[in-house]
Amino acid sequence: MIEVIAGLVRCVLKVLACVMAGLGLGLITVGIFALRQPELWEYEVLARVGPPLAPVALGAGIGLVAAEVLML
């Protein structure tokens, strides 16, 4: 029974790691495209209240991918 639970936990952790890697790479892609063509990605609300979208997405994506690499 313990082996089954350990296998299930390992499976969930592997799926979580894959999701983090995919999300990180997606955010890196969004950040790069937003930096290349900022006029297409400007939102009025983000310009008034929050940080620019491109550097935030790029930074978050790089952080997630770095976390995934450290998990290996």
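The exercises below work through the helices of a predicted model and the contact between two of them. Residues are numbered from 1 along each chain as its sequence is written, and side-chain values use heavy atoms, with hydrogens and water left out. Since the model is predicted, local features need pLDDT of at least 70 and side-chain atom pairs count only at pLDDT 80 or more, whereas totals for chains, interfaces and linings use all residues.

**Exercise 1.** Determine the secondary structure of the protein chain and the share of its residues that count as buried.

Solution. Helices (H or I, at least four residues) and strands (E, at least two) are taken as DSSP runs, numbered from the N terminus. On this basis the protein chain has four helices and zero strands, and the order from the N terminus on is α-α-α-α. Buried means under 20% relative accessible area, exposed over 50% and partly exposed in between, with a 1.4 Å probe and protein chains only; of the 72 residues, 14% count as buried.

**Exercise 2.** Check the span of α4 against its number of residues, and find where its buried residues lie around the axis.

Solution. The expected span of a helix is 1.5 Å times one less than its number of residues. For the 19 residues of α4 this comes to 27 Å, and the end C-alpha atoms are 27 Å apart, which agrees. The buried residues of α4 are Ala54, Ala57, Gly61 and Glu68. Seen down the axis, with directions taken from the axis to the C-beta atoms, these buried residues fall within an arc of 75°, so they line one face of the helix.

**Exercise 3.** Describe how α1 and α4 are arranged, and which classes of residue make up their contact.

Solution. Axes are lines fitted to C-alpha atoms, for helices over the stretch in contact, and angles run from 0 to 180 degrees between N-to-C directions. The axes of α1 (residues 2-36) and α4 (residues 53-71) come within 7 Å and cross at roughly 150°. That makes α1 roughly antiparallel to α4, a term for angles over 145 degrees. By class, the contact has 22 nonpolar, three polar and one charged residues, where Gly counts as polar.

**Exercise 4.** Locate Ile28 relative to Gly61 and Val56.

Solution. Ile28 lies in helix α1 and is buried, with a relative accessible area of 18%. Ile28 and Gly61 are 33 residues apart in sequence, yet 4.8 Å apart in space, C-alpha to C-alpha.

How values were computed: Parallel < 35°, antiparallel > 145°, perpendicular 65-115°, else oblique.
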